[in-house]
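Subject: Structure handover

Hello,

Here is the structure I said I would pass on. Please open it first, and then read the notes below with it on screen.

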Amino acid sequence: MKNKLLLAAAALLLMSAAQAFACTNIIVTKEASIDGSTMVSYAADSHWLYGELYFKPAGAFKEKAMRQVIEWDTYKPLGKIPEAAQTYQRLGNMNEHQLIIGETTWGGREEQINTDGLMDYGSLIYIALERAKSAREAIKIIADLANTWGYCSEGETFSIADKDEAWIMDLVGKGKEKGIVWVARRVPDGYICAHANQARITRFPLHDSGNCQYSDDVISFARANGWYDGSDDDHIRQSEKDAQSALDSSGSATDTLSDAKADGYVNAVNQFQTSSDYMNTDSVILSRADWKNTQPQMPENRTKEISPQFAAELGIETVFDVQNDPLFGNVPGSLVYTAEMPASKAKNELTVSMLRGLDYNDPKWELLLDQIDWDADRTGILMSFSGAAYATGAIDSIGLPATVEQDGANGLKVNGAGDGGYDMTKSSSFGFAPLMAATWDTDLIYEVGRAFGAESIMNGINGWYCPAINLHRSFFNGRVFEYYSEDPVLSGKLAASVI
């Protein structure tokens, strides 16, 4: 797709020191634009820089060729660095590969400025444009240049976009040390971002390389200078704290941890980071911005091999030895191993139904588990906890009966002699979930729920794998028919009514 550089204030404006704190950038990702273009606008409040639009042709250079680095604001020569063998043509702040880099200055701490560096912020921009084809490549080049030759400007936020994606990069010098500390985050598709002389990245994930990159010492440098003490409690979202807090009688989060044994609140962490990285690296994500070229395609010869970098981590579940697996096997050092057998066959006279409504940390749960007869209830335990679908096994020692569950967002699936092993003459068929949602009628949906309940009792069904309340994000999602709406309030009220 195309990439556009909006020339704000009639032209791309080159900053002088006086204008360093009067810049504005707007970043538009391709799914947020009508024609699928990524866009970056770059404006400076200046009345004398109209018409400043510089051009530099592509070049090929001999080995050991050098280039003079000129400070952008003052035109002062800063020194020479080796030239790349091949450079790309640039016009203003875009190069021939439709890579754009803009900036706004935010200053930062005075002690982080090192005037001995060879790289000012303008040189980082223009040299990166001459050497990079993509936003990700530009980020690496900018960091490498600053860390190799030193950085002599103040704190900057860079807008970096190519024809497919857009990034925002905050960077600042390290004072007496050579180089920069920096963080770059990908602007999500479908979003618009803006910055105007203010650092924008305040929080960032440590384990999402597909969407966030940062210098190795960004945390250790802050700690060494006393600017960050490592206190997790100061860097946890309130929503994360609420999710780990005990609830009061009204269902609202308190300031007390629900787990009395926990050391404190913890940050939410992506537990499937390898899978996320695999999807962003080895898979083509279906996108309306490039609908034709991102459609699923059958691999050649109907086979596909996982990249070696992911094989080691994602392949661990292919062969599982319950006795000897070092991660989850019955061997010392595994995550689940214990040297002592759990308590069994205790006579505590409890059943599961007696504990209905008790807090997760209530000690009676431990007493109930002590009653389990691991030998007599073996079949039911394996059925319930080893991937059984649509059923759970009876565990008699704790009074847990066997159950049968079914799904069917618009009609119960009832086991029988029909297509797929179901007899659909034994249950009603209602309109699909989006049609139900279109009624906006909670009373009507309540009656639908009553009908589901009655038919479940008639057919010996104990549970219903519905309602599904994921939100509609695309008309092309294969399971949209099971979800009520794109509106969370409507979805929630209807789901509550049908339950």
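Lysine 30 counts as buried, because its relative accessibility is 10% and the limit for buried is under 20%. Please keep in mind that this is a predicted model.

Which residue does lysine 30 meet in a salt bridge? The partner is aspartate 164, and the N to O distance between the two side chains is 3.7 Å. Lysine 30 sits in the loop between strand S2 (23-28) and strand S3 (38-44), whereas aspartate 164 sits in the loop between strand S12 (155-161) and strand S13 (166-174). The two residues are 134 residues apart, and the pair links distant parts of the chain. Aspartate 164 has a relative accessible area of 37%, so this residue is partly exposed.

The rest of the salt bridges

In the whole structure, a search finds 15 salt bridges. I describe two others here.

One of them joins the side chains of glutamate 130 and arginine 90, at 2.9 Å from N to O.

Another joins the side chains of arginine 136 and glutamate 165, with 2.6 Å from N to O. Arginine 136 is in helix H2 (residues 135-149), and glutamate 165 is in the loop between S12 and S13. These two residues are 29 residues apart, and the pair links distant parts of the chain. Arginine 136 has a relative accessible area of 30%, so arginine 136 is partly exposed. Glutamate 165 has a value of 12%, so glutamate 165 is buried.

Cysteines

How many disulfides does the structure hold? The number is zero. For cysteine 212, the closest cysteine sulfur is that of cysteine 193, and this sulfur is 13 Å away, which means that the two are too far apart for a bond. A disulfide would need the sulfur atoms within 2.5 Å. Cysteine 212 is buried, because its relative accessible area is 3%. Cysteine 466 is buried too, because its relative accessible area is 13%.

A three-stranded sheet

There is an open sheet of three strands in the order S19-S20-S21, and its pairing is mixed. Strand S19 (391-392) and strand S21 (463-464) are the edge strands, and each of them pairs on one side only. S19 and strand S20 (residues 403-406) run antiparallel and are joined by two bridges. To find this contact on screen, look for threonine 392, whose bridge partner in S20 is threonine 403.

Which residues make the nonpolar surface patch? They are Phe320, Val322, Leu327, Phe328, Leu335 and Val336, and the patch covers about 590 Å². One of these residues, leucine 335, lies in the loop between helix H6 (308-314) and helix H7 (364-370). Leucine 335 has a relative accessible area of 64%, so leucine 335 is exposed; the limit for exposed is over 50%.

Regards

How values were computed. Residues are numbered from 1 along each chain as its sequence is written. This is a predicted model: local features need pLDDT of at least 70, side-chain atom pairs count only at pLDDT 80 or more; totals for chains, interfaces and linings use all residues. Side-chain values use heavy atoms; hydrogens and water are left out. Buried means under 20% relative accessible area, exposed over 50%, partly exposed in between (1.4 Å probe, protein chains only). Two strands pair if DSSP finds at least two bridges between them. Helices (H or I, at least four residues) and strands (E, at least two) are DSSP runs, numbered from the N terminus. Patches are made of residues with over 30% relative accessible area and no salt bridge: like charges are joined within 9 Å, nonpolar side chains (Val, Leu, Ile, Met, Phe, Trp, Tyr) within 5 Å. Accessible areas come from the Shrake-Rupley method with a 1.4 Å probe; for residues, only the protein chains shown count as cover. A salt bridge is a side-chain nitrogen of Lys or Arg within 4 Å of a carboxyl oxygen of Asp or Glu.
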